[in-house]
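Please keep the sequence and the structure at hand while reading.

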Amino acid sequence: MGNELGAVSRRLAQNIATLRKRRGMSQDALAQLARIPRSTITHLESGGGNPSLGNLTRVAAALQISIEELIAEPRSDVKLVKAADVRAVKRSQGAALVLKLLPDPIPGMEIDRMELVPGGRLGGIPHVSGTKEYLTCIQGELTVHIGATVCAAQLG
């Protein structure tokens, strides 16, 4: 158990320091944003101590990430995703193939590639108010119906 806690403390220390530096912040700036003493940030980045849930919550909020990301295994700067590893979902009785292009979840964001058979249809449910959705037609012809609004696109 002590070894596990040590690993979490090391990940926490590395993640805080890395994320803070990527954002161009000093320890003092992070401490001010998180509303905690700079010495607490220094202590967290050294891997020492047993931070309170309140301090973890404030640091995560200041870095605009979740507490889970704060203590997770650090992500690589680069991740190669091979075509065979892209999650694909068939919808509309196979008339549409939706490829999930974002391999790691980011709250509130999805990036998909949709392939529809000629004449195929893909229905959906309304999004939360304020949601932005972008659609680019790469090949063929596409008509989108959103309520009473109809948008059409045609390429080569």
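Predicted model: local features only at pLDDT ≥ 70, side-chain atom pairs only at ≥ 80, totals over all residues.

The C-alpha trace spans about 60 × 35 × 25 Å along its principal axes. Of the 156 residues, 20% count as buried, and among contacts between residues at least 6 apart in sequence, 37% join residues at least 24 apart.

| Pocket | Volume | Lining by class |
|---|---|---|
| Largest pocket | about 2,400 Å³ | 22 nonpolar, 13 polar and 10 charged residues |
| Second largest pocket | about 280 Å³ | four nonpolar, four polar and six charged residues |

The largest pocket, with about 2,400 Å³ of space, is lined by 45 residues, of which Met114, Leu122, Glu133, Leu135 and Leu142 are the closest to its centre. The elements that give two or more residues to this lining are strand S1 (87–91), strand S2 (96–100), strand S3 (112–116), strand S4 (140–146) and strand S5 (149–155). Strand S4 gives the most to the lining of the largest pocket, with seven residues.

The second largest pocket, with about 280 Å³ of space, is lined by 14 residues, and the closest to its centre are Asn15, Leu19, Arg22, Pro74 and Arg75. Helix H1 (residues 2–22) provides the largest share of the lining of the second largest pocket, namely five residues.

Which residues of helix H2 (residues 27–34) are buried? In helix H2, Gln27, Leu30, Ala31 and Ala34 are buried. These residues cover an arc of only 100 degrees around the axis, which puts them on the same side of H2. An α-helix has 3.6 residues a turn, so residues three or four places apart point the same way. Gln32 and Leu33 are exposed on the other side of H2. Just after H2, Arg35 takes a positive phi of about 60 degrees.

Note on methods. Residues numbered from 1 in each chain as written. Heavy atoms only, no water. 1 Å grid on protein atoms, 1.4 Å probe; cavity = no way out; pocket = protein on both sides within 12 Å on 5 of 7 lines; lining within 4 Å. Points joined across faces, edges and corners; volume = space filled by probe spheres on them. Helix = DSSP H or I, 4+ residues; strand = E, 2+ residues; numbered from the N terminus. Nonpolar A, V, L, I, M, F, W, Y, C, P; charged D, E, K, R; others polar. Buried < 20%, exposed > 50% of the residue type's maximum accessible area, 1.4 Å probe, protein only. Arc of directions from axis to C-beta. Contact = heavy atoms within 4.5 Å.
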